[in-house]
Amino acid sequence: MNATADKTAAELERKVSERLAGLPDVDASHIEPHAEGTKVILEGSVDTVFSARKAVLSAETVDGVHDVESHLTLTGSKDGPSAGH
């Protein structure tokens with residue numbers, strides 16, 4: 001990638017992170033977006049399928065994002081993956 005592509009990817013990742021952080025019922029602290037061109041890959045974990053879908057839909061609404069791929073895992077816990085550790 002060239003410097004412009006790196007800057008664009010970093011900008012998309014920042015925008016997606018901000019959008020996810022603004023979701024009221026999704027804990028985005030365990031979601032890490034990675035941009036590859038106009039595609040964003042969401043990695044990390046969420047508590048429910050609903051949260052995962054909401055994260056993907058939210059990321060799709062960010063300007064410049066044309067595709068979202070979910071690599072999110074489900075914890076099944078409202079406390080997130082660090083519960084009990």
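Where is the place of Asp63? In this predicted model, Asp63 lies in the loop between helix 2 and strand 3, where helices (H or I, at least four residues) and strands (E, at least two) are DSSP runs numbered from the N terminus. Residues are numbered from 1 along each chain as its sequence is written. Because the model is predicted, local features need a pLDDT of at least 70 and side-chain atom pairs count only at pLDDT 80 or more, while totals for chains, interfaces and linings use all residues, and side-chain values use heavy atoms, with hydrogens and water left out.

The protein has a mean pLDDT of 89, and 89% of its residues score at least 70; pLDDT is the predictor's confidence in each residue, on a scale from 0 to 100. Over residues 80-85 the pLDDT is below 50, and this stretch has five contacts in the model beyond near neighbours in sequence, a contact being heavy atoms within 4.5 Å.

The protein contains two helices and three strands, which follow the pattern α-β-β-α-β along the sequence. The three strands form an open sheet in the order 1-2-3, with mixed pairing, where two strands are said to pair if DSSP finds at least two bridges between them. Strand 1 and strand 3 are the edge strands, each pairing on one side only, and the twist from one strand to the next averages 15°. Six bridges join strand 1 and strand 2 in the antiparallel sense, and Glu32 has Glu43 in strand 2 as its bridge partner.

Helix 1 has 19 residues and reaches 27 Å from its first C-alpha to its last, close to the 27 Å expected at 1.5 Å a residue, the expected span being 1.5 Å times one less than the number of residues. Its buried residues are Ala9, Leu12, Val16 and Leu20, where buried means under 20% relative accessible area, exposed over 50%, and partly exposed in between (1.4 Å probe, protein chains only). Seen down the axis of helix 1, these buried residues fall within an arc of 65°, so they line one face of the helix; the arc is that of the directions from the helix axis to the C-beta atoms. The face turned away from this buried side carries the exposed residues Ala3, Thr4, Lys7 and Ala21.

The buried residues of helix 1 pack against strand 1 (31-36), strand 2 (39-46) and helix 2 (49-60). Helix 1 lies across strand 1 and strand 2 and runs at about 150° to strand 1, with axes taken as lines fitted to C-alpha atoms, for helices over the stretch in contact, and angles running from 0 to 180 degrees between N-to-C directions. Helix 2 packs on the sheet, touching strand 1, strand 2 and strand 3, and its direction makes about 160° with that of strand 3.

Two residues illustrate these surroundings. Ala52, in helix 2, is buried, with a relative accessible area of 11%, and is in contact with Val46, Leu72 and Leu74 when its neighbours within four places in sequence are left aside. Asp63, by contrast, counts as exposed at 63% relative accessibility, yet it touches Leu12 and Lys15, not counting residues up to four places away in sequence. The C-alpha atoms of Asp63 and Val16 are separated by 9.2 Å, although the two residues are 47 residues apart along the chain.
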